[in-house]
Amino acid sequence: MTADPRAALDRFVAALEGHFHAVSSRRGDEDPAVDDAYEVLADAFEVYEDALAQAYSEVTPFYLDDDDDDDEDEDYDEDDDEASAR
């Protein structure tokens with residue numbers, strides 16, 4: 001099924017608005033509304049990207065990071081980065 005790029009764009013923009021609202025009205029560090037809005041935004045972006053690719057053979061300049069790398073990000077140590085810069 002090919003999504004209409006215009007409809008996908010409208011959904012993406014609405015997801016951006018929803019994400020902004022969730023972040024700006026966050027109720028603590030672990031607010032599930034922010035996580036939900038993030039997932040909706042990521043999904044809307046992928047639908048828009050796919051619709052552009054299918055309809056116009058074009059893509060956006062954005063890249064979504066895979067969740068698989070989250071474990072590596074948690075282990076990241078700024079001190080290691082500073083030491084390698086010296």
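Student: Which side chains meet Arg11 in a salt bridge?
Tutor: The partner of Arg11 is Asp43, with 2.4 Å from N to O. A salt bridge here is a side-chain nitrogen of Lys or Arg within 4 Å of a carboxyl oxygen of Asp or Glu.

Student: Which parts of the chain does the pair link?
Tutor: It links distant parts: Arg11 belongs to helix α1 and Asp43 to helix α2, 32 residues apart. Helices (H or I, at least four residues) and strands (E, at least two) are DSSP runs, numbered from the N terminus.

Student: Before we continue, what kind of model is this?
Tutor: It is a predicted model, in which local features need pLDDT of at least 70 and side-chain atom pairs count only at pLDDT 80 or more, while totals for chains, interfaces and linings use all residues. Residues are numbered from 1 along each chain as its sequence is written, and side-chain values use heavy atoms, with hydrogens and water left out.

Student: Back to the pair: how exposed are Arg11 and Asp43?
Tutor: Arg11 is partly exposed, at 37% relative accessible area, and Asp43 is also partly exposed, at 36%. Buried means under 20% relative accessible area, exposed means over 50%, and partly exposed lies in between (1.4 Å probe, protein chains only).

Student: How many salt bridges does the structure hold?
Tutor: It holds two. Besides the pair of Arg11 and Asp43, Arg6 forms a salt bridge with Asp10, where the closest N and O atoms are 2.8 Å apart.

Student: Where do Arg6 and Asp10 lie?
Tutor: Both lie in helix α1 (residues 5-24), four residues apart, which is about one turn of the helix. Arg6 counts as exposed because its relative accessible area is 51%, whereas Asp10 is partly exposed at 41%.

Student: Changing topic, what is the overall pattern of the chain?
Tutor: Along the sequence the pattern reads α-α-α-α, with four helices and zero strands. Of the 86 residues, 20% count as buried.

Student: Which residues make up the largest nonpolar core?
Tutor: The core has nine residues: Ala8, Phe12, Ala15, Leu41, Ala44, Phe45, Tyr48, Ala51 and Leu52. A nonpolar core is a set of buried Ala, Val, Leu, Ile, Met, Phe, Trp, Tyr and Cys residues joined through side-chain atoms within 4.5 Å.

Student: And Ala53, where is that found?
Tutor: Ala53 is in helix α2 and is partly exposed, with a relative accessible area of 33%.

Student: Lastly, where is Glu39 placed?
Tutor: Glu39 is in helix α2 (residues 32-56), and its relative accessibility of 46% makes it partly exposed.
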